Amino acid sequence: MQLARFNQFVAHAAASGVVFYHSGHLDEGTIASIGALLRRRLHEEGANGAQSRKVFTTFMEMAQNILHYAAVNGFEDGPTGKFGALCVTRTGQGFEVMCGNYLSCDQVPRVRQRLESVQAMEPHKVREAYRRQLSSDAEDKDSKGAGLGLLTMAASSRAPLEFVFDPDPPLEDGKTFLFLKTVI
Amino acid sequence: MENFHLPPTSLTPEVSLNPAQGLLSMRGESYPEHVLTFYAPILEKIKHVLDAGKLNLLKVDMHITYYNSASAKAFHRIFHLLNHAAENGCAVQLFWHFDEEDDMARDLGKDIREDFPAIQVVGVEMAAAV
């Protein structure tokens with residue numbers, strides 16, 4: 001990268017209120033390290049306790065979703081593993097938490113359906129659904145609880161979940177990138 | 001029966017089970033990658049102690065300062081075991097500690113009280129850690 005472009009990149013991140021950005025391979029160790037760093041950054045940004053907790057909770061659910069559900073990375077020559085992008089930005093009132101990861105086209109209908117159903121819920125419905133899902137998942141030994149993760153994000157967000165698939169519709173037999181956003 | 005103890009890590013809580021004194025405690029954070037792998041042996045130990053049927057009282061101390069959604073499921077399974085034991089003659093007191101600003105943990109405490117009526121749940125609100 002030319003230094004001038006890096007300069008633009010840094011300026012653009014600052015202008016967009018980026019507090020934290022990670023893009024790359026995720027595993028348990030990476031998540032523990034970036035979690036500790038994120039807490040420190042939130043403290044530096046003057047986030048209050050409740051905000052900081054919600055940002056951290058959402059960020060971790062997004063990271064776990066990438067770990068468990070993302071399609072393996074889309075670069076032919078890249079390392080194997082789960083590639084994901086995670087971002088926290090400062091807004092006037094609070095924070096936004098975003099993630100992006102690959103999905104294979106056969107995952108898209110189920111994920112889209114879950115996202116749309118959580119997006120349409122009123123806050124008290126989110127909480128009801130969370131309780132229901134907690135009881136039913138506890139019975140089901142194989143579930144990794146994606147539903148519960150999305151409901152946890154929705155419960156922490158002041159606005160409905162926002163999401164975009166790119167490309168949409170996904171290329172046949174290909175991958176698409178899912179972007180997801182919550183507002184704290 | 002032997003004591004069971006796991007030291008805390010940055011991703012998992014400290015877990016102590018002392019059958020002779022009827023004490024179970026879990027403290028710290030809970031977000032391992034493989035939640036079920038972490039909690040399966042703990043569930044097994046608790047089940048073993050409860051199945052022996054020698055306890056009249058089990059005091060459970062839980063203060064999990066952060067838990068992910070998969071850990072919430074594991075807790076639910078532990079509460080199932082405790083509720084079952086409580087229905088069968090072992091009084092179970094659960095001291096559910098939560099930080100004052102932690103709405104999800106506060107709500108989970110209420111849910112436990114409703115969903116597992118045999119357990120005596122005592123909510124303990126803690127001043128937020130800095």
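Mentor: Two strands pair if DSSP finds at least two bridges between them, and the strands themselves, like the helices, are DSSP runs numbered from the N terminus (E, at least two residues, for a strand; H or I, at least four, for a helix). In β5(A), for instance, Phe177(A) is the bridge partner of Tyr102(A).

Trainee: What makes β3 of chain A and β5(A) a pair?

Mentor: Nine bridges join β3 (residues 95-104) of chain A to β5(A), with the two strands running antiparallel, and because a pair needs at least two bridges, they count as paired. Before we go on, note that this is a predicted model, in which local features need pLDDT of at least 70 and side-chain atom pairs count only at pLDDT 80 or more, while totals for chains, interfaces and linings use all residues. Residues are numbered from 1 along each chain as its sequence is written, with chains lettered from A and ligands numbered from 1 in the order in which they are written.

Trainee: Why are β1 and β4 of chain A said to stand at the edges?

Mentor: The open sheet of chain A has five strands in the order β1-β2-β3-β5-β4, with antiparallel pairing. Here β1 (18-26) and β4 each have a single partner strand, so one side of each is left without a neighbour in the sheet. Neighbouring strands are turned by 15° against each other on average, direction ignored.

Trainee: How many residues of the two chains are in contact?

Mentor: Contact requires C-beta atoms, placed from the backbone, to lie within 7 Å, and 19 residues of chain B are in contact with 21 residues of chain A. On the chain B side, α2(B) gives the most, with seven residues.

Trainee: What makes a set of residues a nonpolar core, and which members of the largest one touch the most others?

Mentor: Such a core is a set of buried Ala, Val, Leu, Ile, Met, Phe, Trp, Tyr and Cys residues joined through C-beta atoms within 7 Å, where buried means that 20 or more other C-beta atoms lie within 10 Å of the residue's own. Of the 74 residues in the largest core, Val55(A), Phe59(A), Ala63(A) and Leu82(B) touch the most other members, and the largest share, nine residues, comes from α2(B). Leaving aside neighbours within four places in sequence, Ala63(A) is in contact with Leu26(A), Ile31(A) and Leu86(A).

Trainee: Where are Pro167(A) and Pro169(A) found?

Mentor: Pro167(A) lies in the loop between β4 (162-166) and β5 (175-183) of chain A, and Pro169(A) is also found in the loop between β4 and β5. A cis peptide bond, with omega about 0°, joins Asp166(A) and Pro167(A), and another joins Asp168(A) and Pro169(A).

Terms used: Axes fitted to C-alpha atoms, helices over the stretch in contact; angles between N-to-C directions. Buried ≥ 20, exposed ≤ 12 C-beta atoms within 10 Å, placed from the backbone.
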